[in-house]
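The sequence and the structure are shown first.

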Amino acid sequence: MKLPANSDVPLLLVDVDGVISLFGFDLDSRPEGGFVNVEGIHHYISRAAGAHLRALANDFEMVWCTGWEEKANEYLPHALSLPGPFPFLTFSAPAPGSTPRHWKLDAIDAYAGPDRPVAWIDDDHEGCHEWAGERPGPTLLVTALPPLGITAAHVEELLRWAAALPKRAAG
Ligand SMILES: [Mg+2]
């Protein structure tokens, strides 16, 4: 179901590399998962990521927030048994002369607007905490570790945050 842009339902921006596609783990202690060939590149997809994301699907509107862009829909809903496809952000080069900031923030601001509650799980939030603090809408950064990706603790944190959001009056 596509929700209107001013919906109270929070967005969950989902990165892929370092959240769903894992790297940097010890081969001895590799998390459960399997390789998916994406245009010749083998990505190690966390088996747990599917269940974790499904546990969030009723409380968030999921949006891919990844350099994979539309490719996330081609491969991941099938690999993870997700109720996708999901909307996805597309990223462009920053305008010349603009203040350098995290490469995803312009697309996030354009998609979410200032007020919509936004949670964002990624393995790279460098320089984003100030942005999150200044955003008028409720904003939660959940930072994953690339060898582990999304965990049960992240799911709990996200559900708790969503449940505590102020409900706007109808109309
Ligand atoms: Mg990443």
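Which residue just after helix 3 takes a positive phi? Gly 113 does, with a value of about 70°.

The coordinates are those of a predicted model, in which local features need pLDDT of at least 70 and side-chain atom pairs count only at pLDDT 80 or more, while totals for chains, interfaces and linings use all residues. Residues are numbered from 1 along each chain as its sequence is written, and side-chain values use heavy atoms, with hydrogens and water left out.

**Overall architecture**

The protein has 5 helices and 7 strands; helices (H or I, at least four residues) and strands (E, at least two) are DSSP runs, numbered from the N terminus. Read from the N terminus, the order of elements is β-β-β-β-α-β-α-α-β-α-β-α. The radius of gyration is 16 Å, close to the 16 Å that the globule rule gives for 171 residues, so the protein is as compact as a globular protein of that length. That radius is taken over C-alpha atoms, and the rule is 2.2 Å times the number of residues to the power 0.38. Along the principal axes, the C-alpha atoms fill a box of roughly 50 × 40 × 25 Å.

Of the 171 residues, 46% are buried; buried means under 20% relative accessible area, exposed over 50%, and partly exposed in between (1.4 Å probe, protein chains only). Among contacts (heavy atoms within 4.5 Å) with a separation of 6 or more, 59% join residues 24 or more positions apart. The accessible surface comes to about 9200 Å², and carbon and sulfur atoms account for 56% of it; such areas come from the Shrake-Rupley method with a 1.4 Å probe. There are 12 positive and 23 negative side chains, and the centres of the two sets lie 7 Å apart. Here Lys and Arg count as positive and Asp and Glu as negative, without His and the chain ends, and each charge is placed at NZ of Lys, CZ of Arg, CG of Asp or CD of Glu.

Helix 2 spans residues 71-80, and its buried residues are Ala 72, Asn 73, Leu 76, Pro 77 and Leu 80. Seen down the helix axis, these buried residues fall within an arc of 100°, so they line one face of helix 2; the arc is that of the directions from the axis to the C-beta atoms. An α-helix has 3.6 residues a turn, so residues three or four places apart point the same way. On the face turned away from the buried side, helix 2 carries the exposed residues Glu 74 and His 78. The cover over the buried residues of helix 2 includes strand 4 (41-46), helix 1 (47-54) and strand 5 (61-64).

In helix 3 (105-112), Leu 105, Ala 107, Ile 108 and Ala 112 are buried. Their arc, seen down the axis, is 160°, so they too line one face of the helix. Strand 1 (11-14), strand 6 (118-122) and helix 4 (129-134) are included in what covers them.

**Backbone features of the loops**

| Residue | Phi |
|---|---|
| Glu 69 | near 45° |
| Ser 81 | about 50° |
| Gly 113 | about 70° |

Glu 69 belongs to the loop between strand 5 and helix 2. Ser 81 is found in the loop between helix 2 and helix 3, and at 49% relative accessibility Ser 81 counts as partly exposed. Pro 85 is found in the loop between helix 2 and helix 3 as well. A cis peptide bond joins Gly 84 to Pro 85, with omega about 5°.
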